[in-house]
There are 2 protein chains.
Amino acid sequence: MKSLRVNGPRLWQSLAELARIGATPKGGVKRLTLTDVDRQGRDQFVAWARAAGLTICVDAIGNIFCRRAGIDAGAAPVAMGSHLDSQPSGGKYDGAYGVMAGLEVLRSLDDAGIRTRAPLEVVCWTNEEGSRFTPVMMGSGVAAGVFTLEHCLAQRDAEGVLVGDALRAIGYAGDAQAPRLGAYFEAHIEQGPVLEAERTTIGVVQGALGQRWFDAVITGQDAHAGPTPMESRQDALIGASRLVLEVNRIARSHPDYARGTVGFLQVKPNSRNVVPGEVRLSVEFRNAKDATLLAMVAELKQRARAIEAECRVAIALQEIVYFPPCAFDAALVADVRAAAGA
Amino acid sequence: MKSLRVNGPRLWQSLAELARIGATPKGGVKRLTLTDVDRQGRDQFVAWARAAGLTICVDAIGNIFCRRAGIDAGAAPVAMGSHLDSQPSGGKYDGAYGVMAGLEVLRSLDDAGIRTRAPLEVVCWTNEEGSRFTPVMMGSGVAAGVFTLEHCLAQRDAEGVLVGDALRAIGYAGDAQAPRLGAYFEAHIEQGPVLEAERTTIGVVQGALGQRWFDAVITGQDAHAGPTPMESRQDALIGASRLVLEVNRIARSHPDYARGTVGFLQVKPNSRNVVPGEVRLSVEFRNAKDATLLAMVAELKQRARAIEAECRVAIALQEIVYFPPCAFDAALVADVRAAAGA
């Protein structure tokens, strides 16, 4: 089995056909979750799954599970998948690649006449992107017990449409129970620059970095830029600039895949001739280890106190999001690594 | 004449009456130039000037000159004045104080029965604020020959209304020639914190700082905040923050009333999870000496080149405004100082 390879041209063609559904002029796709275009994508996927002889189930949040039976019907299924919905300006491969790669594995096993011990599942999760309905990763979140079904069904989009109504409208409000998975794999295009920079085609994801997000408000005092001497100023943008550089410095000085980003910054009153009285900005720290992540935050808070004193401003830091680091199963990671090397 | 004092209560009452025209709920005024409220303010001023026996002239840009004859009709007039228009959220005293103080000087000379050698003028300049029509300081600029009359009459406000039409609509498109002034004094409230901090009531302005304004564009590369390692980033906000701090440091390290301000800053795409690819910001330097001002700019350009290399971004600096430093007439400054001390 080590040398089994999928049918690359078939996978490529499936991706091209799928990309026609919701195609955008720039070559990407727009398939917002639970719209009619999402339905068309799902219908196409289900048609292919049927043609591959798979058994299709849809659960109450609209996740689609397509099963290929195993020799041991009682074994926990091994699943592969991703999502078919997209951001408003989504790419062709994000999500779709994981779903179609899963289906292609099952097609190729059929071609090779191989039966597996455990059942296999290809999964399409509902509303992974979260651009129409929050929370993001809704379908997988319900399946994993992170969100309740009731909470998610009661969410509304900007036009006031309920998730539950949208699911019924496109015919994907199912009644199946989500299967309890033994293992889950997801193929995904890289969203960063590392593989390209290293001229490598496959990377093995070992986990998700932990994240701590903050909203910061730096408060100084508006003043005329002309008549106000430098030493009388309480310039919120000076304090903010110092904070931005600290976020960057802290991330660069920590191990364990540390990231530190200020992506959002807003100046008030934002007028050329006025010393800024207030700046709002976002701070995002990521790290593979919880202890390092906490150390980064502690250092930021310490530096913020120093900046307050040195720049004569007040800095309020409010934590708004915490995702703990998540290491993927070591045995599965090793399996992916071995398969990628083959 | 040294001990002549104006009638303070009368000046105070005139200011209070004027502040009713265009009064705002917060205690300020909104008298946008060449609106009907500006007309009401002008009409009130002209009525007081008539009552004081002054001869009123209006020039083609709407400046109002109110003359008290001197003994020597051929002497160049000595003028005092300011403006009656305001910003959308203007204060009671900005502008109005200079006009009414000038009128009060003439009233007080009358009360004391004093005739002066040179004629005296109280002046109300048109569109000093520039909040409805650009350029700012329009009326005094035309009188001083800095702007042409034709250019200013052809400017439009946000609704497309022409300066020339607005002048006619409020009845202040005159045909008088602006008098050639021998001297000009302007009393004005301080817009900075220095007098208050020093518990002083009068300051003598010795000139205007020179100004050099720039638009800066810092260009990096958008990237996902999660998967993009710190060392791969070209973060435009890091470059911008460094530039903001340099503007501040340069101003603090130079003599001659140096100012350095970044009042405006805009981040793209300004999303919490995206490393910023572009930042636009304003840079404003001020100094009393042209040579120091140029040295500050040279230092900024040198630091910008260093930041480009260290932060892997491009920094474009475009000069958009240059006002040379302007020293007021030393004899007139000395006269004000002597009078203020008396």
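This text covers a helix pair in chain B and then the interface of chain B with chain A, both taken from a predicted model.

Two packed helices are described by the angle between their axes and the distance between the axes. In chain B, helix α1 spans residues 8-19 and helix α2 spans residues 36-51; the two pack at an angle of about 150 degrees, and their axes lie 10 Å apart. Angles over 145 degrees count as roughly antiparallel, and α1(B) and α2(B) are therefore roughly antiparallel to each other. Their crossing is right-handed.

The contact between these helices involves S14(B), E17(B) and L18(B) on the α1(B) side, and G41(B), Q44(B) and W48(B) on the α2(B) side. By class, the residues of this contact are two nonpolar, three polar and one charged.

Chain B also meets chain A, with 47 residues of chain B in contact with 47 residues of chain A. The size of an interface is often given as the accessible area lost when the parts come together. Between chain B and chain A the buried area is about 4,000 Å², and carbon and sulfur atoms give 58% of that area. On the chain B side, M230(B), R259(B) and R272(B) supply 20% of the area that the chain buries against chain A, more than any other three residues.

Salt bridges between chain B and chain A number two. R272(B), one of the three residues named for buried area, forms a salt bridge through its side chain with the side chain of D215(A), at 2.6 Å from N to O.

Definitions and conventions
Residues numbered from 1 in each chain as written. Chains lettered and ligands numbered in written order. Predicted model: local features only at pLDDT ≥ 70, side-chain atom pairs only at ≥ 80, totals over all residues. Heavy atoms only, no water. Axes fitted to C-alpha atoms, helices over the stretch in contact; angles between N-to-C directions. Helix = DSSP H or I, 4+ residues; strand = E, 2+ residues; numbered from the N terminus. Parallel < 35°, antiparallel > 145°, perpendicular 65-115°, else oblique. Left-handed = near helix turned anticlockwise from the far one by under 90°. Contact = heavy atoms within 4.5 Å. Nonpolar A, V, L, I, M, F, W, Y, C, P; charged D, E, K, R; others polar. Buried area = accessible area lost by both parts, 1.4 Å probe. Salt bridge = Lys/Arg side-chain N within 4 Å of Asp/Glu carboxyl O.
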